[in-house]
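Here is a short walk through one structure. Keep the 3D view open and follow along.

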Amino acid sequence: MDDNSINNQTTNNSLQNIISDLTNPIKRNPIGNKIWVTFLVLVIIAGLVAYGYQIKTGLGVTAMRDYSSWGMYIGHFVFLVAVSLVGSLVTAILKLTGQKWATPVTRISEIIAVAAVALAGLTIIVDMGHPDRALNLFLHGRFASPILWDVTVVTTYLVISVILLFLPLIPDIAILRDHYTDAPKWKKKVYNILSLGWKGTEEQYKLLKKSIRIMMVLIMPVALAIHTVTSWLFAATLRTGWNSTIFGPYFVAGAFMAGAAAVIIAMYFFNKNYKLQKYLLPKHFDMMAKLLVLTSLVYLYFNINEYIMPYYKMMQLDRDHLNELFSGEESILFWSVQIFGMFIPIILLLFKKMRTPLPMMIISVFVVIGAWLKRMIIVIPTQFHPTFPIQNVPENFHHYDPTLIEITITSATVAMVLLIITLFVRLFPILPIWEIAHESGHHDIEKEGQK
Amino acid sequence: MSTKEENNNPRRKFLKTLGLAAGAVSGAGMLSSFTSETENEKVKVLSQDGQLVEVDAKSLKIANNPDKGIELTELQKRGREGIPGKKWVMVIDLSRCQNARKCMEACQTAHELRPEQHHINVLRMQDTKQTAPYYMPKPCYHCDNPPCTKVCPVNATFKRQDGIVLIDNERCIGCRFCVAACPYSARMFQWFEPEMTEEEKMRTYDIELNVPQKKGTITKCLFSADRLREGKLPYCVSACPNGVYYFGDRNEDAVTNGTTGETVRFSELIRDNAGYTYHEELGTKPQVYYLPPKDRRVPYKAPENQS
């Protein structure tokens, strides 16, 4: 870990330069950005129309039927929860263990976490047959059900993540309030309110750092809890393929891997679109790539445990399920995901040349797509291996081929995640200005800034 | 439905009269509720002995309606409580099943299910390559340690004191966790709007019958809880032409064959015929027992045109 070399490169930078560089993305609104936002909004509208149709007609508009009664929505929910874990990995685990290089990546991972977990909650509502009765969870909630645990921890995680996103943002909002003088009126108002009268006194910083630390400690058990509980939605059943004792750590490991890859993709595009190369250095990419390798190796280890041991024992239902994955109907998908989404990325990222922005971004795209498909593989095929044979039902009950409606709705939730991140970047600095300034030796932002 | 419309339709009025008569026979207490816009509106109807009488519009009901004229809250309450002192049990004699499927038909009719929905499903089974194939009717096992009710987040599905596992379609949020949790595939979901007329949709929901079925919720075998309340055997049990089913009360240690009407000791029947339950290793404690498919009355016939 070579922290000094990272910090040295930014030390020579003047505070004015830092502020101007990092607030630049907020001040410009290039045409590309407008097209991007319009595209996202259109996808969301299409999703809303599809959802309206689903509400009216019933969940039968999806490919889900009585045997595969959970499908793309649930898999997608697991994926979103997984991606959201990266917030706690980067902001809490790395920072608390003194990994200084992670500073510029914290806010990127935290906004990904907030957006993903918020949409995870929404995806669950999309999957409900009676969303209008969601309130029953509070009126008639039974705490013996893992769903209640999930609702509790997902909400808690969302709240803590928002706080952990907001707290380090306060000094930066104050900087925007003081330095972004030609901001539109509404933005000025937002900055005025949200900066909470920040003055940047030593005492304020002390309080802020202390609160951030407390939240960092708090978020770790909650982050572990949300994905462990999510895995229990499956592991709490008696079904082959789900009836596993390692589902908790297996899911958490996979989550860190997917999240790290998501952050790398975000880093690449922020770097390219917002000219942050001076701050998101090759070194940061290199460290993130190493983090991705580490998390992938842990995930590989759990994969070996999860698939190889049941395959060795060959209990009848396990055998049917695993044969379907290894050499049957789902084998192409299964092996593509394992090879292109895990084995090859691990090997490639061992080479230094691959740990540069463009190659690792492409690798990360494969990892993220693989992670999404892996969730489908975990959720769907196992349901076609119940204890009794599937008989006397129409042909489409034997397969799961997602319909256009559910693909459109799922895409809309992805678009919402991206829209939240995009709008956030239009309003707030995506890199933590004050933390970077402090690490570059500018300790008194407020005084220096006014000179 | 509006009362005005009904008054203009003589046939419907006649049906109402019949309903009133039926209601009167089954006791005044049952004439408590029906849908009406105004509370004290009076309607003229013919009584059973040919007299024109005026009755409260509220007390009218349609004759071909399984609606028992009991208020929803009462149906829900007694449905959740169950029948005190009973512990229902079913025994299925696999040696007698010939795949007649009368049980499936009777069940689908009573619960207004689509052709692909099976509260009870007759499966073609073959345990190993060497053993003979046989037919196996599979209802819900009404487990004593039900994995499905455990995971329900809103207590919509529950186990009653008489052992029946029911689903409340008025409360179910449609998360389908119970479908995932049931190892016996005993649960179905209403993926679409169930097919019925507007009028049928207005019937009071009976939790012991799951009728009217509701879109976006679960439906499952109920051991015909509504029939048990009337002292009758379940729909499937009485529909069987081949004497496959025994049904009864474990507390009385007596089960009755739905075809022959013969009542035998449950414990003896199970002991003498090596009765068993499926997948006991899962710890679910099913309350549906099977008698092995040995010495079959008729040879196994491969099904025709049954997918």
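Start in helix H12 of chain A, with A:Lys290 and A:Asp286. These two are four residues apart in that helix, so about one helical turn separates them. Their side chains form a salt bridge, with the closest N and O atoms 3.1 Å apart. A:Lys290 counts as partly exposed, because its relative accessibility is 38%. A:Asp286 has a relative accessible area of 9%, so A:Asp286 is buried. Keep in mind throughout that this is a predicted model.

Side chains of opposite charge can pair when their charged atoms come close. How many salt bridges does the structure hold over all chains? There are 24. One of them joins A:Asp21 to A:Lys278, and here the closest N and O atoms are 3.0 Å apart. This pair links distant parts of the chain, 257 residues apart. A:Asp21 sits in helix H2 of chain A, residues 15–27. A:Lys278 lies in the loop between helix H11 (247–274) and helix H12 (282–313) of chain A. A:Asp21 is buried, at 17% relative accessible area. A:Lys278 is partly exposed, at 46% relative accessibility.

Now move to chain B for another pair. B:Arg271 and B:Asp272 meet through their side chains in a salt bridge, at 3.5 Å from N to O. Buried or exposed: which is B:Arg271? B:Arg271 is exposed, because its relative accessibility is 59% and the cut-off for exposed is over 50%. B:Asp272 is exposed too, with a relative accessible area of 55%. Chain B also holds a network of salt bridges, which links B:Arg160, B:Asp162, B:Glu208 and B:Arg229.

Next, look at where the chains meet. The contact takes 42 residues from chain A and 50 residues from chain B. The size of an interface is often given as the accessible area lost when the parts come together. Between chain A and chain B, the buried area is about 3800 Å². Carbon and sulfur atoms give 55% of that area. The interface also has 31 residue pairs in polar contact. On the side of chain A that touches chain B, the elements that give two or more residues are helix H3 (31–57), helix H6 (136–139) and helix H7 (146–166). How many salt bridges cross this interface? The rule finds one. Its partners are A:Asp127 and B:Arg176, with the closest N and O atoms 2.7 Å apart.

Of its 22 residues, 17 are buried, so H5(A) is largely enclosed by the rest of the structure.

Now go to the strands of chain B. Strand E10 covers residues 245–249, and five of its five residues are buried. Which residues point one way from E10(B)? They are B:Tyr245, B:Phe247 and B:Asp249. B:Tyr246 and B:Gly248 point the other way. E10(B) is paired with strand E3 of chain B, residues 88–93, and the two run antiparallel, joined by five bridges. Opposite B:Tyr245 stands B:Ile92. E10(B) also pairs with strand E11 of chain B, residues 254–257, again in the antiparallel sense, over four bridges. There, B:Tyr246 has B:Asn257 as its bridge partner. E10(B) and E11(B) form a hairpin with four residues between the strands. In this hairpin, B:Asp253 takes a positive phi near 55 degrees.

End at B:Gln108, in helix H4 of chain B, residues 102–110. B:Gln108 counts as buried, because its relative accessibility is 17% and buried means under 20%. What does its side chain reach at 2.6 Å? The side chain of B:Gln108 reaches the backbone oxygen of B:Gln117. Leaving aside residues up to four places away in sequence, B:Gln108 touches B:Leu113, B:Arg114, B:Pro115, B:Glu116, B:Gln117 and B:His118.

Key:
Residues are numbered from 1 along each chain as its sequence is written. Chains are lettered from A and ligands numbered from 1 in the order in which they are written. This is a predicted model: local features need pLDDT of at least 70, side-chain atom pairs count only at pLDDT 80 or more; totals for chains, interfaces and linings use all residues. Side-chain values use heavy atoms; hydrogens and water are left out. Buried means under 20% relative accessible area, exposed over 50%, partly exposed in between (1.4 Å probe, protein chains only). Two strands pair if DSSP finds at least two bridges between them. Contact means heavy atoms within 4.5 Å. Buried area is the accessible area (1.4 Å probe) that two parts lose on being put together, summed over both. A salt bridge is a side-chain nitrogen of Lys or Arg within 4 Å of a carboxyl oxygen of Asp or Glu. A polar contact is a pair of N or O atoms within 3.5 Å; within protein, one must be able to donate a hydrogen and the other to accept it, and residues adjacent in sequence count only if both atoms are side-chain atoms.
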